[in-house]
Amino acid sequence: MTNIRFGTDGWRALIAKDFTFDNVARCARGLCDHLKEAGTADMGLVVGYDTRFLSPEFAETVAAVCAGQGIKVYLADKPAPTPVLSYNVLDRKAGGAAIITASHNASQWNGFKFKPQYAGSATQKITDRLEESIARIATAPAHNAAESRNRGLIVALEPTTPYLTRIDAIVDLDAIKNAGLDVVVDSMYGAGGGYLPALLSGGKTTVRELHGGRNPAFPGMEQPEPIAHNLTEITSLIASEGASVGIALDGDADRVGIIDEHGKFITTLDTFSILAQYMLEQKQLRGALVKGVTSSIALNRLGDTYEIDVHETPVGFKNIGPKMSEVGALIGGEESGGFAFRGHIPERDGILSGLYFLEYMATTGKSPSHLLQRLIDTVGPHSYLRRDIPFQASDRDRIIESINDPRFTEVAGAPILNTDTIDGKRFHIDDGWLAVRFSGTEPLLRLYAEAATPYMVNRLLDGAQEYLKV
C-alpha cells in the first residue's frame with residue numbers, strides 16, 4: 001500500500017506508478033474522514049483539476065468517493081487554476097477544495113492538493129491529520145457518480161466568473177487596459193490559459209498568448225515552471241519583436257515569471273521585491289512582509305527602509321499563509337514565484353501577481369527594467385541563482401552530515417558569519433547567503449545563493465557543490 005505523504009504543497013507522484021485511481025480514491029476517502037472530524041463536511045467540497053493527463057478523470061473519482069460519503073461536491077466543469085478554485089471555496093462557503101494538480105512538475109507527474117475552508121494551503125498540522133486518515137484506508141470502493149448527480153450530491157461548478165469578479169474589484173483593470181501596453185503571456189499549456197487575455201481585452205493594451213491550450217506533454221519545456229530555462233520561446237519573441245512585458249504562469253497558475261521589455265527574465269526574487277516595493281512605495285500601504293527563507297535579502301532591506309516587520313518562515317505556503325494571516329501581512333511569498341496579497345486569498349496567485357505588476361507599470365509609466373532599477377536604487381545590487389540537483393536516497397545522510405560539519409567555516413573564500421536552520425541550512429556571508437535544502441515534493445537537492453554580483457553567486461554554488469560532492 002502506497003505511503004502517501006504531503007510535501008510543501010500536497011501529495012505528488014508519478015502517474016500510473018503511485019498516482020493511480022486507487023490511491024486517489026484513498027486520498028478522497030481519507031479527506032472525507034478528515035472533513036467529518038473537523039466539522040466541515042456539511043459545508044461541501046470544491047473539486048477541481050488542471051490540464052494534465054487524466055486530471056479530469058481523477059477529479060471525477062474524487063467527486064464520486066466524496067459524494068458516496070454524503071459530502072456535497074462542487075465539481076469544476078473545466079480545468080481551472082489553483083487560485084481560482086481556492087477563491088471558489090470562499091465564494092461557496094465550502095469546507096475546502098481538493099485539487100488534482102502537480103503544479104509545476106514535469107508531465108509524468110500529477111498531484112492532490114487540499115485547501116481548507118480558509119482557502120489557503122493546508123498547515124502541517126492539517127496535512128499530518130490527513131496523512132493519518134489516508135493511511136487507515138486500504139481501499140476506497142467506487143461509487144456511482146450518476147446516481148450522486150441525480151441526488152444533488154455532485155453539482156457542476158463554473159469556477160471562472162466568481163474569480164474574475166473578485167479580481168475586477170481589487171485590481172485597476174481599466175488603468176492597465178488604457179495604458180497601451182503590449183503584453184505577451186506564456187500560459188505553459190496550463191490551467192491559466194485564457195485568463196489574462198479575458199481580463200485585459202477591450203482597451204488599448206494588447207495581449208498575445210503562447211501555449212494557451214491544453215497539452216499534457218508540455219512540449220518544449222522540462223516542466224511548466226516559469227523560470228528562465230523553460231521560457232526560451234517567449235524571451236526570444238520579446239527580444240526579436242519587442243513587447244512591453246512578458247508574463248508566464250506555471251501549470252496551475254499559482255506562480256508567475258516576469259520577462260522585461262528586452263526579453264530578459266527577471267528573477268522570482270526580484271519580482272517579489274518589486275511587488276513589495278509597489279505596495280509600500282507607490283500604493284502607500286503598510287503591513288508586514290512574510291518571506292520564505294530562500295527569498296531575497298532585498299525584502300529585509302525594504303523592511304528597514306519602510307520601517308515594517310519582515311517575518312521569515314520555512315519554504316512552502318503551508319508556512320507562509322498562516323503567518324500572513326497571523327500578522328495581517330501586506331504580501332507574502334517564496335523564491336519559487338508564488339505570491340499572496342492582503343485582501344485576497346491567503347494563497348499564491350500567479351494571475352493576480354501578474355496583474356499587479358502590470359498595474360505598477362500602468363500607473364507609473366515605467367518599464368520592467370526601470371522598476372527593477374528603482375528597486376536596486378533602494379536596496380543595492382544583488383544577484384541570485386538556484387541549482388536543482390538530483391541525488392540518490394543513499395546519499396542523503398552523507399549530505400546532511402556534511403552540511404552540519406562544524407569544520408565547514410567558509411565557502412568560495414567567504415567566511416561563514418552565522419547559520420540558521422529555519423528550513424534546511426542557510427549560511428550567511430558578508431552581503432549574501434547560501435542555502436541548502438531537500439525539496440519537499442521532488443527527489444532534488446536545492447542549492448540557493450544570493451550575493452552582490454553574479455560572479456560571487458556562481459562561486460558560492462560551485463563551492464557548495466564541490467564541498468557536498470553533488
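**Figure 1. Helix 11 and helix 14 are roughly perpendicular to each other, because their axes cross at roughly 65 degrees.** Angles of 65 to 115 degrees count as roughly perpendicular, those under 35 as roughly parallel, those over 145 as roughly antiparallel and the rest as oblique. The structure is a predicted model, in which local features need pLDDT of at least 70 and side-chain atom pairs count only at pLDDT 80 or more, while totals for chains, interfaces and linings use all residues. Residues are numbered from 1 along each chain as its sequence is written, and side-chain values use heavy atoms, with hydrogens and water left out. The axes of helix 11 (residues 297-306) and helix 14 (residues 368-379) come within 9 Å. Axes are lines fitted to C-alpha atoms, for helices over the stretch in contact, and angles run from 0 to 180 degrees between N-to-C directions. Helices (H or I, at least four residues) and strands (E, at least two) are DSSP runs, numbered from the N terminus. The crossing of helix 11 and helix 14 is left-handed; this term applies if the near helix is turned anticlockwise from the far one by less than a right angle, and right-handed applies if clockwise. From helix 11, Ala-298, Arg-301, Leu-302 and Thr-305 meet Leu-375, Thr-378 and Val-379 of helix 14, contact being defined as heavy atoms within 4.5 Å.

**Figure 2. Helix 10 packs on helix 11 at an angle of about 15 degrees.** The axes of these two helices are 10 Å apart. Helix 10 is therefore roughly parallel to helix 11. Helix 10 passes helix 11 in a right-handed crossing. Helix 10 contributes Phe-272, Ser-273, Ala-276, Gln-277, Leu-280 and Glu-281 to the contact, and helix 11 contributes Ala-298, Leu-299, Leu-302 and Tyr-306.

**Figure 3. Phe-6 and Phe-112 form an edge-to-face aromatic pair.** Rings of Phe, Tyr and Trp (its six-membered ring) pair if their centres lie within 6.5 Å; planes under 30 degrees apart count as stacked, over 60 as edge-to-face and the rest as tilted. By this rule the count comes to eleven aromatic pairs. In the pair of Phe-6 and Phe-112, the separation is 6.4 Å centre to centre, with 85 degrees between the planes. Distant parts of the chain are linked here: Phe-6 belongs to the segment before strand 1 (11-14) and Phe-112 to strand 5 (residues 109-116), 106 residues apart. Both Phe-6 and Phe-112 are buried (under 20% relative accessible area, with exposed over 50% and partly exposed in between; 1.4 Å probe, protein chains only). One aromatic cluster is formed by Trp-11, Phe-19, Phe-21 and Phe-58.

**Figure 4. Asp-182 lies in strand 7 (residues 182-186).** Asp-182 counts as partly exposed because its relative accessibility is 22%. Beyond its neighbours within four places in sequence, Asp-182 is in contact with Thr-206, Arg-208, Gly-242, Ala-243, Ser-244 and Val-245. Between Asp-182 and Leu-280 there are 26 Å in space, C-alpha to C-alpha, and the two are 98 residues apart in sequence.

Figure 5. Tyr-189 is found in the loop between strand 7 and helix 8 (195-200), and Tyr-189 is buried, with a relative accessible area of 15%. Gln-284 occupies the loop between helix 10 (268-282) and strand 12 (289-292), and Gln-284 is exposed, with a relative accessible area of 55%.
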